[in-house]
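User: Please take a close look at one helix pairing in this model and at the charged contact that goes with it. I would like the cut-offs stated along the way.

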Amino acid sequence: MTRTLPITLYTDGACSGNPGPGGWGAVLMHDGTEKTLSGYDPETTNNRMELMAVIEALTCLKRSSRIELYTDSTYVMKGVTEWMAGWKRNGWKTSARKPVKNQDLWQRMSDAIDGHDIQWHWVKGHSGDHYNDMADQLARNEIERRHKRSARA
């Protein structure tokens with residue numbers, strides 16, 4: 001890893017209905033600099049938006065990095081830290097031999113985490129954590145802004 005100071009990432013996803021229009025948000029911090037990212041999908045699920053927030057935040061990094069990653073999604077955190085290795089060994093099937101849900105995004109996640117030294121942290125959502133709330137608001141703003149625009153079209 002080439003950086004001495006870690007990059008701090010906060011990520012969150014949101015959905016209006018599940019499935020429904022969704023948004024994701026990420027806050028990236030490094031050496032006093034803060035950057036926000038967000039995106040939208042007109043028809044998705046909350047879990048897909050949680051995954052997209054992490055994938056997009058990691059893929060915007062230009063080099064292998066040491067990362068402190070904060071998420072309120074146990075699905076994403078356990079998926080990466082506990083389940084993904086087994087899914088890969090089993091040909092992207094669960095222990096019950098069923099196809100992994102959101103396999104396309106889990107495969108992108110596998111590529112996105114490759115080469116990074118990531119410490120995963122779970123934070124309770126909507127509990128007053130400033131940066132988690134900020135990532136959540138970015139995701140919700142995308143839904144509000146983009147869904148209203150598409151509803152008018």
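What follows is one connected account of that pairing.

Analyst: This is a predicted model, in which local features need pLDDT of at least 70 and side-chain atom pairs count only at pLDDT 80 or more, while totals for chains, interfaces and linings use all residues. Residues are numbered from 1 along each chain as its sequence is written, and side-chain values use heavy atoms, with hydrogens and water left out.

Helix α1 (residues 46-59) and helix α3 (residues 103-113) have axes that come within 9 Å and cross at roughly 25 degrees; helices here are DSSP runs of H or I with at least four residues, numbered from the N terminus, and axes are lines fitted to C-alpha atoms over the stretch in contact, with angles from 0 to 180 degrees between N-to-C directions. The two helices are therefore roughly parallel, a term for angles under 35 degrees. The contact (heavy atoms within 4.5 Å) involves, among others, Leu 51, Ile 55 and Glu 56 of α1 and Trp 106, Arg 108 and Met 109 of α3.

Within this pairing, Arg 108 forms a salt bridge with Glu 56, the closest N and O atoms being 3.3 Å apart, where a salt bridge requires a side-chain nitrogen of Lys or Arg within 4 Å of a carboxyl oxygen of Asp or Glu. The pair joins distant parts of the chain, 52 residues apart, with Arg 108 in α3 and Glu 56 in α1. Arg 108 is partly exposed at 37% relative accessible area, and Glu 56 is also partly exposed, at 24%, the term covering values between buried (under 20%) and exposed (over 50%), with a 1.4 Å probe and protein chains only.

Conventions: Parallel < 35°, antiparallel > 145°, perpendicular 65-115°, else oblique.
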